[in-house]
Amino acid sequence: MNRRIKNVAVLGSGVMGSRIACHFANIGCSVFLLDIVPDKLTDDESKKGLTLDKPEVRNRIANSNLQNVIKASPEPLYHASFASRIKCGNFDDNMEWIKNCDWVIEAVVENLDIKKKVFERVEKFRTPGTLITTNTSGIPINSMLDERSEDFQNHFCGVHFFNPPRYLPLMEIIPTPKTQKEIVEFLMEYGDLYLGKTPVLCKDTPAFIANRIGVFSIMAVFKLMKEMGLKISEIDTLTGPITGKPKSATFRTADVVGIDTLVKVASNVYKDCPKDEEREIFQIPDYVDKLVKNNWLGDKTGQGFYKKVKTAEGKKEIHELNIDTFEYAPSAKTKFASVTAAKQVDNLKERVKQLTLSKDKAGEFLKKLSFMIFKYSSNRVPEIADEIYKIDDALRAGFGWELGPFENWDALGLEKSVHAMEEANLKPAQWVYDMLAKGFTSFYKIQDGVIQYYDTSSGSYKKIPGREAFIILDNCRANQPVWKNVGATLHDIGDGVLNLEFQTKMNTIGSEILEAINKSIEIAEKDFKGLVIGNDGANYSAGANLAMMFMLATEQEYDEIDMAVRTFQNSTMRCRYSSIPVVAAPHGLTLGGGCEVCLHADKVVAGAETYIGLVEVGVGIIPAGGGSKEMTMRAADKLVEGALDFPELQNNFLAIAQAKVATSAYKAFELGIFKNGRDTYVLNQSRVIAEAKKAVIELSNHGYTKPTMREDIRVLGRSGLSTLLLGAFSFFNAKYISEHDRKIAEKLAYVMCGGDLTAPTLVSEQYLLDLEREAFLSLIGEKKTMERIQSILTTGKPLRN
């Protein structure tokens, strides 16, 4: 069946329901969001003279819930205008809308009886053959099918999104024995291609996969913290980014999700899994139970494991809970020698191994926790999943772990860790011993550039299905790179295409990256079709290497700075003016110099979650890697000959002067960073490099020709400059910006208007590059600029001076 999803109904407008509705709106679907009818008026409705039969009252619950989610952080929509794709209604008046829906998603409260009543009403209006799914996080899927028609049962499936659905890629798919195979296959493909998800096929077991393992790990942390006398902040240091976990770590995550929600999932596992060998760990600890009784549930009630307080000076502070005294106090700085040493190790697998094997209290904690998770995960095969990669996929995509349990186990070394687990009385499942007996010493291996997993049922390695469409650079490392230096690696990714991978800290751009860009293009021009500039890191690039610039400016090496800026400009221009197509593949943070690389590529294929912008003004300088020139040129291309059409230039000026960052790839088009008709984005980040490769091949096959450098850029001179300078003065006079900000804005205005020209004039790209470089050099040595850069380097935060 050639199934298309155009209209979607979401039943239940709570936080999850509204956010699911928003994400379907993100991809262009028309969405109906329905909820119950209120049984009484609010005070505001009474004052307005409304009655219970008025549509605005009857649809209030869905409307207000949706608006609350739209206003919340993180933003659920790629763009605010997408809210118009969602129409709110109620179960009593508007259920007939689902007649025209291709997919109906149930997202009401976690109560089986209520869900059954909703499905009974759905049956009256649903068109046979359309999808019907539940977003339950743990109620057995099969239990919802009582008294449902055969067609309903055949097209029914569990589809569990993780909150927030825009940002967390996991989509657990839980079929029943009655679910048609075609439906499962469609959901797996649709989730990947259209929703940007990591679809994981699950068994209908309590808490499915991610919550079963993820909540176990949290409960294990609760147990170990009490046993080892560790503080909340110490635990969060050890279970955060240092070990490849999210910044929110353990206790901050619990506060965000809701401690009551966590308790509910754990309690359900305890109740529904009487044969689980670790069942007792799901018993709620006394101190967690007390938090629930106190209604200290986390962010939703204002306090949980952490609490925001105001000091006597009016400053906001985060205090942490002492689980013994139940009092809050400022978090003390955690000091573990092993953590300090591990911060110097960039490679995550090496860092995790070093930390876990350290001899201090941090290492002891991580060792115990890791061994508990390894043992539990191995014992869940085949109960919750037949294949180990599904468990790793679920934890990476649903809990934000960079390494799943079995990947982490491989990083520590399987054989040695099994022996250590035995000594700790934490023996893994028998199949792990069977695997070792066959001479297999890792759960994963790479063969011919393809990752394979150990399959427990056959006792052999198999390819992970569905990965053929992805290009994963880690899988290329077994091959000899085409070229590399200390900061970058050039990979042959097949079909005549190269990929340049940045590998510096935060993928910042320094001399080694600039050398790599030029060398990669040189190699590609000789023997290849084209070049992708992309990586699999958490972020594409945090911009230029500020530490290098700060050092040169401190030593007043202005000739060196001038040469560095020229080299940067020449490198970005080389991306634009080479004989082969260069495609940028950004994702995550793509700031400053990273953005300038994208601006000069022949095409951009971005991940939907790309946060891109020219942010140099925040550190007291202007974009000088061609960014100011490029945004001027793009505005000029929209200027009307003979009429001083100013808005485009003003918009681009403000985008730079206010250091605007697009909070999605879609918004990057609005800011003028991505070009309509040329650039594109994909929902699934795992597909970005593969899609960029396709773009290179397409450009090459269509007879790519080296562009000609521009000499026809129309700049406004004084007519534009006077307006921009007046704007900068007005902002300064109203105390919106500092004196130094005004100076930066004036320098930027001078560049973007082509200087102090008496009339609009046609200039070259090189002319504008020279202007932006001169402006940069005049600002980099300023005292206030140096203070801003130093603040960024030491605290990670810009200084407003």
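**Labels and their cut-offs**

Reply: Start with Gly588, which sits in strand 20, residues 588-591. The model is predicted: local features need pLDDT of at least 70, side-chain atom pairs count only at pLDDT 80 or more, and totals for chains, interfaces and linings use all residues. Residues are numbered from 1 along each chain as its sequence is written, and side-chain values use heavy atoms, with hydrogens and water left out.

Me: What makes a run of residues a strand or a helix here?

Reply: Both are DSSP runs, numbered from the N terminus: helices are H or I with at least four residues, strands are E with at least two. The chain has 32 helices and 25 strands.

Me: Why is Gly588 called buried?

Reply: Its relative accessibility is 7%. Buried means under 20% relative accessible area, exposed means over 50%, and partly exposed is in between (1.4 Å probe, protein chains only). At 7%, Gly588 therefore counts as buried.

Me: Which residues does Gly588 touch, leaving out residues up to four places away in sequence?

Reply: Gly588 touches Ala538, Asn539, Glu609, Thr610 and Tyr611. Contact means heavy atoms within 4.5 Å. As for Ile472, it is 116 residues from Gly588 along the chain, and their C-alpha atoms are separated by 16 Å.

Me: Is Lys87 buried, partly exposed or exposed, and why?

Reply: Lys87 has 45% relative accessibility, so it counts as partly exposed. Lys87 lies in strand 3, residues 86-90. It touches Val31, Phe32, Leu33 and Trp97, not counting residues up to four places away in sequence. Gly534 is 447 residues from Lys87 in sequence and 38 Å away in space, C-alpha to C-alpha.

Me: What makes Ser377 a buried residue?

Reply: Ser377 has 0% relative accessibility, so it counts as buried. Ser377 is in helix 16, residues 361-379. Among the residues it touches are Ile213 and Phe406.

Me: How do you know that the peptide bond from Ser73 to Pro74 is cis?

Reply: Its omega is near 0 degrees. Pro74 is in the loop between helix 4 (60-71) and strand 3. A cis peptide bond also joins Val381 and Pro382, with omega about 10 degrees. Pro382 is in the loop between helix 16 and helix 17 (388-399).

Me: What is noted about phi of Phe208?

Reply: Phi of Phe208 is near 60 degrees, a positive value in a residue other than glycine. Phe208 is in the loop between strand 8 (198-201) and helix 9 (210-228). With a relative accessible area of 0%, Phe208 is buried. Phe326 has a positive phi near 60 degrees. Phe326 lies in the loop between strand 10 (316-322) and strand 11 (327-330). At 10% relative accessibility, Phe326 counts as buried.

Me: What makes a set of residues a nonpolar core?

Reply: The members are buried Ala, Val, Leu, Ile, Met, Phe, Trp, Tyr and Cys residues joined through side-chain atoms within 4.5 Å. The largest such core has 114 residues, and Phe305, Phe365 and Trp431 touch the most other members. Helix 9 gives the largest share of this core, twelve residues. A second, separate core has 83 residues, including Tyr540, Leu546, Phe568 and Leu779. In soluble globular proteins, nonpolar side chains tend to be buried together.

Me: Which residues does Trp431 touch?

Reply: Not counting residues up to four places away in sequence, Trp431 touches Ser378, Val381, Ile388, Phe406, Phe443, Tyr454 and Thr456.

Me: How do you know that the radius of gyration agrees with a compact globule?

Reply: The rule is 2.2 Å times the number of residues to the power 0.38, and the radius is taken over C-alpha atoms. For 801 residues, a compact globule would have a radius near 28 Å; the chain has 28 Å, so the two agree. The C-alpha atoms fill a box of roughly 80 × 70 × 65 Å, taken along the principal axes.

Me: How much of the chain is buried?

Reply: Buried residues make up 54% of the 801 residues. For contacts with a separation of 6 or more, residues 24 or more positions apart account for 70%.
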